[in-house]
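Open the model in your viewer and keep the selection panel at hand. Each stop says what to select and what is there.

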Amino acid sequence: SQLLYRQLTKEYKVRHPAIIALYNQALELIGCFKDFQIQHIRREYNAEADRLATGAIRKEKKHAVEEPR
């Protein structure tokens, strides 16, 4: 996402407490590479990724509202 891109390029700060640990872990892993590049690809140019992300969000929401058995 554009937010993730901007956080990893340090344009935006990571503020959500639940995300800070994941962000730090990502930075640590990025540091293991000799070279790292990231670029934001607009949603309209990456329809397959958008479809997969939307499906994952819907699946997560469905599991969040289901009652435990």
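**Stop 1: the largest pocket**

The largest pocket holds about 410 Å³ of space. A pocket here is an open set of points on a 1 Å grid over the protein atoms alone, with protein on both sides within 12 Å along at least five of seven lines; a 1.4 Å probe that fits but cannot get out marks a cavity instead. Grid points are joined across faces, edges and corners, and the volume is the space filled by probe spheres set on the points.

This is a predicted model: local features need pLDDT of at least 70, side-chain atom pairs count only at pLDDT 80 or more, and totals for chains, interfaces and linings use all residues. Residues are numbered from 1 along each chain as its sequence is written, and side-chain values use heavy atoms, with hydrogens and water left out.

Now select the lining. It has 16 residues, and Ser1, Gln2, His40, Ile41 and Arg43 lie nearest the pocket centre. A lining residue has an atom within 4 Å of a point. Which helix gives the most to this lining? Helix α3 does, with five residues. Helices α1 (2-8) and α3 each supply at least two lining residues. By type, the lining divides into seven nonpolar, six polar and three charged residues. Nonpolar covers Ala, Val, Leu, Ile, Met, Phe, Trp, Tyr, Cys and Pro; charged covers Asp, Glu, Lys and Arg; the others, Gly among them, are polar.

**Stop 2: the whole chain**

Zoom out and colour by secondary structure. The protein has three helices and zero strands, in the pattern α-α-α along the sequence. Helices (H or I, at least four residues) and strands (E, at least two) are DSSP runs, numbered from the N terminus.

Switch to colouring by pLDDT, the predictor's confidence in each residue, from 0 to 100. The protein's mean is 87, and 90% of its residues reach 70 or more. Confidence is highest in helix α2 (residues 17-30), at a mean of 95, and lowest in helix α3 (residues 47-65), at 80. Where pLDDT is low, the predicted coordinates should not be read in detail.

Show the surface. The accessible surface comes to about 6,700 Å², and 54% of it belongs to carbon and sulfur atoms. Areas come from the Shrake-Rupley method with a 1.4 Å probe; for residues, only the protein chains shown count as cover. Of the 69 residues, 7% are buried. Buried means under 20% relative accessible area, exposed over 50%, and partly exposed in between (1.4 Å probe, protein chains only).

**Stop 3: helix α1**

Select Tyr5, in helix α1. Tyr5 counts as partly exposed because its relative accessibility is 22%. Beyond its neighbours within four places in sequence, Tyr5 contacts Glu11, Ile38, Gln39 and His40. Contact means heavy atoms within 4.5 Å. Draw a C-alpha distance from Tyr5 to His40: 6.1 Å, for residues 35 apart along the chain.

Is Gln7 buried or exposed? Gln7 is buried, because its relative accessibility is 11%. Not counting residues up to four places away in sequence, Gln7 touches Tyr12, Lys13, Val14 and Tyr23.

**Stop 4: the loop between α1 and α2**

Select Lys10, in this loop. Lys10 is not a glycine, yet it has a positive phi of about 65 degrees. At 60% relative accessibility, Lys10 counts as exposed.

Move to Lys13, in the loop between α1 and α2. Lys13 is exposed, at 64% relative accessibility.

Finish on Val14, in the loop between α1 and α2. Val14 is buried, with a relative accessible area of 15%. Leaving out residues up to four places away in sequence, Val14 touches Gln7, Ile19, Ile20 and Tyr23. From Val14 to Leu3, C-alpha to C-alpha, the distance is 9.4 Å; the two are eleven residues apart in sequence.
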